[in-house]
Amino acid sequence: MTDASTFEPAIEFDHASFCLNGRALLQDLVLSVQQGETLVLLGRSGSGKTTTLKLINRLLLPTTGDVRVNGRRTADWDPIRLRRGIGYVIQDGGLFPHFTVERNIALVPRIENWPRPRIEERVRQLLATVGLNVELASRYPSQLSGGQRQRVGVARALAADPPILILDEAFGALDPITRSEMQKEFRALQQRMRKAVIFVTHDLREALLLADRIALMEEGRLIVDLPVAEFSRSQHPLVRAYVEAFSGLPDESLPDERLSGPH
Amino acid sequence: MNFLQFMMANRQQVLDLTLEHITLAGVATVLAALVGIPLGILITRIPQLSKPVLGGANIIQTIPSLALFGFLLPAPWIGERGSRLAILALALYALLPLIRNTYAGIRSVDPAVVEAGRAMGLTDRQLLFQVELPLASGVIVAGLRIAAVLAIGLATIAAAIGAGGLGEFIFRGLAMVNNQVILAGAVPAALLALFADFVIGRLERRLGSLRSKSQFEQEINI
């Protein structure tokens, strides 16, 4: 997949809806993500966030409307080529239990027939990028901690250097300390790599830390779509409800720099 | 004399019959696997077929074995040689465990893992061979084990239609009312079955542990 031009969004939802068995899981979504931007989809369970992600890599096709990746409708893309250009990270990694860490990370490069030396170099590089000791390469996922598994999941998604990354509650299953570490490292990584990122979470603090823009969803609809600084200032009732739900916590957990000026 | 002495005295025949028995059961099991495993994979892809296929294999199993041999006798090419008929009948019986275990094994693979694989751009073929089959292999081999033991046991009846095997001794012993002869057939057959169960069982355990190799298992290198 070639890099998108600066003006064309990497991902675009054009009045996309998705219905299953008569239920509308997603309704009339209008949303776009530019290359280099991190969009956080914030919302409760059932808000349609995961459905939205699955429309991007064509695990689902929209019932009405279009979803475009790099200017082309997902329905027009070859599903295999589309998916190999999108890194996908889910909770607890979704790693193959019967593959070593190295084989898990090398998955897409292998099926893309990269030469062996390039694959090996890439795996080494990625382990370093996600902060894992290279000796873990020959271990199996069941021998790793949750945090380590998640890092492998991120490394695997990055392996073929896709221009788009989608993450579904990727840090949700981690303990608070590991989670905080992962968030900060991910943000640093994203600032270096400038991929088009959609990050799904139900945690406002995580959203405020990672996002350039936040899209709040509820019951299959997009409620607000704002740059992160404006989001926290918004008076929209649902936004307020979110902020209040998280405000029972000490102030340090709401990163100040995200509440005030542009970053 | 006891049956061990009988076996020693007739050891060439014991050997021949044992070899025949292994051939009957072995070829039947392999045939059943060659048909059953792909069928099992097919019905995971086309769910509407699962009921008829599993149902069909089930019905075959309910037919009394001797009757199945009898039904197949008039068939043109098959009915001519006892061994061909026996192998076909045994293979038909061995189908159900193989189809069923392949189906169940693949369906029991964690759907999140399969979805992650699909999301990364694995083709259906790659998903099947690199993810689903390896993870289902423990259960599939369990089906193979059941099929093999079944085939070895049922092959004793093959002698009734002249297909040979250790059943020869059993039937002859029954006709002669001679326990030693019966045992000379029954004991080796039982030992064969136990052996197959043990060997394939070890393979099954090895493959099953691939699903989630624990640190301990890794270290003692099972």
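In strand E2 of chain A, Leu29(A) is the bridge partner of Ala16(A). This is a predicted model, in which local features need pLDDT of at least 70 and side-chain atom pairs count only at pLDDT 80 or more, while totals for chains, interfaces and linings use all residues. Residues are numbered from 1 along each chain as its sequence is written, and chains are lettered from A and ligands numbered from 1 in the order in which they are written.

Helices (H or I, at least four residues) and strands (E, at least two) are DSSP runs, numbered from the N terminus. Two strands pair if DSSP finds at least two bridges between them. Strand E1 (residues 11-20) of chain A pairs with E2(A) in the antiparallel sense, over 8 bridges. These strands belong to an open sheet of 4 strands in chain A, with the order E2-E1-E4-E5 and antiparallel pairing. Its edge strands are E2 (23-33) and E5 (72-73) of chain A, each of which pairs on one side only.

Gln27(A) lies in strand E2 of chain A. For burial, other C-beta atoms within 10 Å of a residue's own, placed from the backbone, are counted: 20 or more make the residue buried, 12 or fewer exposed, and values in between partly exposed. Gln27(A) has 18 C-beta neighbours inside 10 Å and so counts as partly exposed. Two residues are in contact if their C-beta atoms, placed from the backbone, lie within 7 Å. Beyond its neighbours within four places in sequence, Gln27(A) is in contact with Ser17(A), Gly220(A) and Arg221(A). Gly65(A) is 38 residues from Gln27(A) in sequence, and the two C-alpha atoms are 9.7 Å apart.

**A covered strand and a buried arginine**

Strand E6 (residues 86-90) of chain A is mostly covered, with 5 of its 5 residues buried. Ile86(A), Tyr88(A) and Ile90(A) are buried on one side of E6(A), and Gly87(A) and Val89(A) on the other. In a regular strand the side chains alternate between the two faces of the sheet. E6(A) pairs in the parallel sense with strand E7 (residues 164-168) of chain A, over 5 bridges. Within this pair, Val89(A) stands opposite Leu167(A) in E7(A).

Arg58(A) sits in the loop between helix H1 (49-56) and strand E4 (64-69) of chain A. With 22 other C-beta atoms within 10 Å, Arg58(A) is buried. Leaving aside neighbours within four places in sequence, its contacts are Thr74(A), Trp77(A), Pro79(A), Leu82(A) and Arg83(A). Ala157(A) is 99 residues from Arg58(A) along the chain, with 16 Å between their C-alpha atoms.

**The two chains overall**

Chain A has 11 helices and 10 strands. Its radius of gyration is 18 Å, close to the 18 Å given by the globule rule for 263 residues, so chain A is as compact as a globular protein of that length. The radius is taken over C-alpha atoms, and the rule is 2.2 Å times the number of residues to the power 0.38. Chain B has 10 helices and 0 strands.

| Chain | C-alpha box | Buried share | Contacts at least 24 apart |
|---|---|---|---|
| Chain A | roughly 55 × 45 × 35 Å | 46% of 263 residues | 69% |

The expected span of a helix is 1.5 Å times one less than its number of residues. Helix H5 (residues 82-107) of chain B has 26 residues and should span 38 Å, which agrees with the 38 Å between its end C-alpha atoms. The bend at a residue is the angle between axes fitted to the seven residues ending there and the seven starting there. H5(B) has a kink of about 35 degrees at Ala94(B), shortly before the proline Pro97(B). Of its 26 residues, 21 are buried, so H5(B) is largely enclosed by the rest of the structure.

For H7(B), a straight helix of 31 residues would span 45 Å, but the end C-alpha atoms are only 38 Å apart. H7(B) bends by about 55 degrees at Ser137(B).

**Where the chains meet**

Between the chains, 20 residues of chain B are in contact with 17 residues of chain A. On the chain B side, helices H6 (111-119), H7 (124-154) and H10 (215-219) each give two or more residues. H6(B) gives the most, with 5 residues. This side of chain B divides into 10 nonpolar, 7 polar and 3 charged residues. Here Ala, Val, Leu, Ile, Met, Phe, Trp, Tyr, Cys and Pro count as nonpolar, Asp, Glu, Lys and Arg as charged, and the others, Gly among them, as polar.
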